[in-house]
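Dear colleague,

Please find below the structure that I am handing over to you. I would be grateful if you would look through it alongside the notes that follow.

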Amino acid sequence: MKKTGLLILLALSSIVITSSAQTIKKASVAKHISPDLFGVFFEDLSYAADGGLYAELIQNRSFEYTPADKKGWNPLTAWEYINDGFGYGELSVESSEPLNANNPHYIKLTITDEGQKGIGLTNSGFDGISVKAGERYNFSLFAHLISADPIPLNISLRSKKGEIYGEVNLSADVKNWKRYAAVITVNQTDADARLVVLAKGKGTLAIDVISLFPQKTFKNRPNGLRADLAQAIADIKPHFLRFPGGCLTHGDGIQNIYRWKNTIGPVEQRVEQRNIWNYHQSMGLGYFEYFQFCEDIGAKPLPVLAAGVSCQNSGGTWRIGSTGQKGIPMAEMQSYVQDILDLIEYANGPATSTWGAKRAAAGHPASFHLQYVGIGNEDKQTDAFRERFKMIYDAVKAKHPEITVVGTVGPAPAGEDYDLGWKFANQLSVPVVDEHYYEKPEWFLNNNSRYDRYDRSKSKVYVGEYASKGNTLANALAEAAYMTSLERNGDVVKMASYAPLLANQNHVSWNPDLIYFTNTEVTPTVNYYVQQLFSANAGDTYYPGIVKFLNQAKPDSVLAASCVKDSKTGDVIIKIVNAGNTASSTKINLAAIGKISPKATLAVLTGKPGDKNTAQRAQQVLPANSELAVTKSFNYNAPAYSLSVIRIPSGGRKMND
Ligand code: AHR
């Protein structure tokens, strides 16, 4: 901030008011608030990664699915043996000569008689493979010729009935594992296509990691992300991205804890594992891809790592106070702590450092500018947790004082884990703690003053997961009203993210979510537009008392407003939420703010309280944008059931600068 700005803010200094519990400092005029306030939380649940954001089109590409992932699954799930040209042969799953130890299973194909069309296997993708006419797809596989002569391979994308949309020919010709790659151009659009790999010569070969990506991934990244889904996230303009999840991070038992080192390097060498949400993680979307995505969308990375304990709900005991939490044996904790220090080096260390070199080898010699590291996810507050958290926290603090550690205070806005979590965080002076709450809309409306009462001298807050249990406009407005309170308390609330972010409509493990999708459609919810309107219109200075609700005798829980200024643009942004059933007139007084432009933009999100965006009616509730003439003092009528965002350029700036 410029010196003059600093002086003005100091001159408008704070008053002190006293509550029975504690002394609270409350800014009377303007205060700095977190520039990172609104972000997103990505968790691989509801097929958010494989079958979702990760653009790989082949399901079970490495033949590593097992019944432990999900009852009935096995290494051939999503695959089928194919010999419809009357060929003879055999297909088996093997593990004696794997591609590498991390990827133990592969298939062996013996072709006794290739018949009229060859024999091989077909993959049905994640609920079908979606292909588009004219688009190019990057195909690859690893093969190992076991018999003597080269074996020709025909690879095609086809309709379910066998109509060929595009094909290429390869020849498996080496008696070692070798990667073969080709591009397939497709001549038809089909949401339910199949990939077919056919061997057209006698002999035996081993095959593994059969992969197919659209060339058009987000930012055209190899091993990249689905462009439309990634764009929907980017359009929120999130200031940070928390990943790779909540419960997924601390895992279903110690063996299932998410280990970041297993998720980097060549995809065929990554260690796949069961997903706590009852499916499988290929780890193709791993830490490098998460960091790169953060950079691509201008969001600060916020990786969350287990605090050395597994999820207390491990083993299906899904209730608060359950006993599934297990600690990594103390003898292994030093190495676990080192993994976390290594992550910081991987993200930020010079390309010459051990872990920085691995980042550079992946194509990113520059730092990823990691600033935050989350330790723990709503863990049960036990001695096992405290002991391990402290080991990690002390080590990170000692070696990396530049990193802000985000601790954890249980899964609810109050209760035993919340109280014990806060007590522990205060003992250790943890800089930021992660609060989670999934509550009814009324809770959000009635708890608007929650953070007004927080002690400013204690740990700051990251509201890492919250949602009002529904996707209607009424839900979204309750969240919006609450978000005005997060801005008002942006000196103590450093970050906030709605949860969960993504859900594949055919595999929903948790409702509600922010964005629903199928292989071909993306449906942002009404809640999504609230998140977007707040995040894209965030500020770093908060001005109280700018908006007055007229004809309002006493504070009303359905009316809320905030006013922030964004120092980068100088724009002033006013958000007004009317979650009630009648319009409410407001008076906006900008006398405390410097020069403003007379022309503002206005975005209004409104409709009937029960309105939702669904796959069938994806655009039922969308923000309507218009221009608004403004003066230093003006009236604005907030429609019933609405969020209005008024963005006023600074005096010297025109709207589209
Ligand atoms: O967001 C879904 C789950 O809710 C997260 O995994 C967990 O942290 C919380 O219980």
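This is a predicted model: local features need pLDDT of at least 70, side-chain atom pairs count only at pLDDT 80 or more; totals for chains, interfaces and linings use all residues.

Helix H7 covers residues 383–399, which makes 17 residues. From its first C-alpha to its last, H7 reaches 24 Å, close to the 24 Å expected at 1.5 Å a residue. Its buried residues are Phe-385, Arg-388, Phe-389, Ile-392, Tyr-393, Ala-395 and Val-396. Seen down the axis of H7, these residues fall within an arc of 165 degrees, so they line one face of the helix. The face turned away from this buried side carries Asp-383 and Ala-398, which are exposed. The cover over the buried residues of H7 includes helices H5 (330–348) and H8 (416–428), together with strands S20 (372–375) and S21 (404–408).

Helix H6 (residues 354–361) has Trp-355, Gly-356 and Arg-359 as buried residues. Viewed down the axis of H6, they lie within an arc of 105 degrees, so they line one face of the helix. Thr-354 and Ala-361 are exposed on the other side of H6. Helix H4 (287–297) and H5 are included in what covers the buried residues of H6. Just after H6, Gly-363 has a positive phi of about 105 degrees.

The largest cavity has a volume of about 80 Å³. Its lining has 4 nonpolar, 4 polar and 4 charged residues; among the lining residues are Asp-50, Tyr-54, Arg-61, Phe-126 and His-280.

Yours sincerely

Terms used. Residues are numbered from 1 along each chain as its sequence is written. Side-chain values use heavy atoms; hydrogens and water are left out. On a 1 Å grid over the protein atoms alone, a cavity is a set of points where a 1.4 Å probe fits but cannot get out, and a pocket is an open set with protein on both sides within 12 Å along at least five of seven lines; lining residues have an atom within 4 Å of a point. Grid points are joined across faces, edges and corners, and a volume is the space filled by probe spheres set on the points. Ala, Val, Leu, Ile, Met, Phe, Trp, Tyr, Cys and Pro count as nonpolar, Asp, Glu, Lys and Arg as charged, and the others, Gly among them, as polar. Helices (H or I, at least four residues) and strands (E, at least two) are DSSP runs, numbered from the N terminus. The expected span of a helix is 1.5 Å times one less than its number of residues. Buried means under 20% relative accessible area, exposed over 50%, partly exposed in between (1.4 Å probe, protein chains only). The arc is that of the directions from the helix axis to the C-beta atoms. Contact means heavy atoms within 4.5 Å.
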